[in-house]
Amino acid sequence: MDAQTEPEVPPVAVATEEPFLGPLDIVLLLVLVAGAAWYLLKNKKKEAQTSQFKSYSIQPTAVNTMTMAENSFIKKLKSSGRRLVVFYGSQTGTAEEFAGRLAKEGLRYQMKGMVADPEECDMEELLTLKDIDKSLAVFCLATYGEGDPTDNCMEFYEWIQNNDVDFTGLNYAVFGLGNKTYEHYNKVGIYVDKRLEELGASRVFELGLGDDDANIEDDFITWKDKFWPAVCDHFGIESTGDEVLTRQYRLLEQPETSPERLYTGEVARLHSLQTQRPPFDAKNPFMAPIKINRELHKSGGRSCMHIEFDIEGSKMRYEAGDHLAMYPVNDSDLVTRLGKLCNADLDTIFSLINTDTDSSKKHPFPCPTTYKTALTHYLEITALPRTHILKELAEYCSDEKDKEFLRFMSSTAPEGKAKYQEWVQDSSRNIVHVLEDVPSCHPPIDHICELLPRLQPRYYSISSSSKLYPTTVHVTAVLVKYVTKTGRTNNGVATTFLAQKKVNGESLPRVPIFIRKSQFRLPAKTETPVIMVGPGTGLAPFRGFIQERDFNKQEGKEIGQTVMYFGCRKRSEDYIYEEELEDYVKRGVISLRTAFSRDQPQKVYVTHLLEEDMDLIWEVIGVNKGHFYICGDAKNMATDVRNILLKVLQTKGNMSESEATQYVKKMEAQKRYSADVWS
């Protein structure tokens, strides 16, 4: 702060017969001196406070409700006699859930633990964790997008990347959460595990890698069951015995709560869905009116929706390639069925309060609320329950056979794991199906609310360009609906919710949304050539790209070669945006290559077209240094397309296998190769 100059004192008239300073002068002088002393003291105190607390900066979209003093996890560990802190980097809630289970189990091993969100902590305090005897930091870290850390872990990741801090004396372990269908499998967990060792920390147990494409629950349990004995061995401690099932939250029924104090679906701030205030983000979504909701499929029995959200007045901005995130609600029939299975009055007003008073997470979701609201807005009731949920449900079975069955599936025995895979995962049984098929199990509804994970926002590639549509955001979504092995029909939470939002008359349906920025971008120079591969709804972001290229062309700018590969089952059924695409072809905006897999006896996919066009691909990518984009299924299509690109580089570019791989990696680093894929 700049020092302020004192006001100038007017000169005092001096007479020879009077003293140099009169009584009034002395009083004024004393007041001025006292004022200056107070001002300097105040500033010194402020500076001391500023230097005393180093607050870890957070993402602009996050809401940090903690004060500076509260973000000290070291103070919390010391004040509550804990030695274990489990940090999580979570985008969908799984890593946070695993972190909670580890912290809870620590009690069995004389390692009382706490869960911590790195975004809400001063992570520089890791340097002083060694001062706590036999202390341990565990990191449950998900890899997100194209090998990126999750939003809440971004700053910690960048901090250890860019600073050579000394972690000597820090004991740590890492469990990574990833998906093998993605190219950068578990990149974040692998990097943090390696980097902490480079910075001097001591690895207590080997890195664990969970694969969400297979059975991440099994991966976690297998790792965890070897992790604890290693911890005991490292610190010279012993297990206290069998696991004791303890509740993390206590129930408080609040029938006297007035309606205006009740959460009705808000993510954070009470009444935020009614009284809207920008900026809008994950904690404060915008209630966007749906202006258009139309069917794109012409026939065939499946449904694909084109939906336009009105964002006028929201101050939200987007670019082609960004994602729209939407908070859905659960199906009311499923909510009612779950309430009946738990013998619950869903209109009961309640709060779940954390039994750990030091936790920054006071409630698992906004409270007070009703059970109906919690099951509708806050909990993933269609998620397949993990083994720890089955273990806790077993305690509420009146039939011993049912109890043993649930315990068996939640065990670490190979037979138990196989049964869980077959009975829960392969049969797609959610919590409602489990309770229906284990008839003697009647858990209290509040415990179900504690056990189920939080309902997460769903993300969609934006299928419009803000150059053309600055006040609306378009998405393209296939309605998810399938029959399980048990004969039940399962519906996608978000797409079923959207399908019900029909536009009729004046009153437009509204949906809570926010925009998530992406690195999936057109090249800065409009004359740079591009190849886009997007079968099915993988076309979505490229619709925005094509609109942008057309807009630039109409402005008189030079447009580079724009090649679009699109595929679907049948031209007459699911060729989405057909008229638009054909019009762009006629006007010379794009070159279009289409594959209709079921329109001829021999199936034809976009991969077949790419193999036919190897000369074209080399010309665009190798000769003219163009950009290559993939959007759609990560498991098969994206992997196959990448392999074809490597083949092009080897056959047309005369590269070895390793040279071709390095070339693609260089393209990725230069943002010339981009993938927006999902599994």
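**Exercise 1.** Which elements do the buried residues of helix 5 pack against?

*Solution.* Let's take this predicted model in steps.
- Begin with the burial list: Val188, Gly189, Val192, Asp193, Arg195 and Leu196 are buried in helix 5.
- Then look at their partners: these buried residues pack against strand 3 (136-144), strand 4 (148-149), helix 4 (154-162), strand 5 (171-178) and strand 6 (202-203).
- Finally, look past the helix end: Gly200 follows helix 5 and has a positive phi, near 100°.

**Exercise 2.** Is Thr181 buried or exposed?

*Solution.* 
- Buried means under 20% relative accessible area; Thr181 has 11% relative accessibility, so it counts as buried.
- Next, its surroundings: the Thr181 side chain makes a polar contact of 2.5 Å with that of Asn179. Beyond four places in sequence, Thr181 is in contact with Asp213, Ala634, Lys635, Thr639 and Ser679.

**Exercise 3.** Describe the second largest pocket and its lining.

*Solution.* 
- Its volume is about 240 Å³.
- Of 17 lining residues, Thr181, Tyr182, Glu183, Arg642 and Tyr673 are the closest to the centre.
- Helix 20 gives the largest share of the lining, 5 residues.
- By type, the lining divides into 7 nonpolar, 6 polar and 4 charged residues.

Note on methods: Residues numbered from 1 in each chain as written. Predicted model: local features only at pLDDT ≥ 70, side-chain atom pairs only at ≥ 80, totals over all residues. Heavy atoms only, no water. 1 Å grid on protein atoms, 1.4 Å probe; cavity = no way out; pocket = protein on both sides within 12 Å on 5 of 7 lines; lining within 4 Å. Points joined across faces, edges and corners; volume = space filled by probe spheres on them. Helix = DSSP H or I, 4+ residues; strand = E, 2+ residues; numbered from the N terminus. Nonpolar A, V, L, I, M, F, W, Y, C, P; charged D, E, K, R; others polar. Buried < 20%, exposed > 50% of the residue type's maximum accessible area, 1.4 Å probe, protein only. Contact = heavy atoms within 4.5 Å. Polar contact = N/O pair within 3.5 Å; in protein donor to acceptor, adjacent residues only side chain to side chain.
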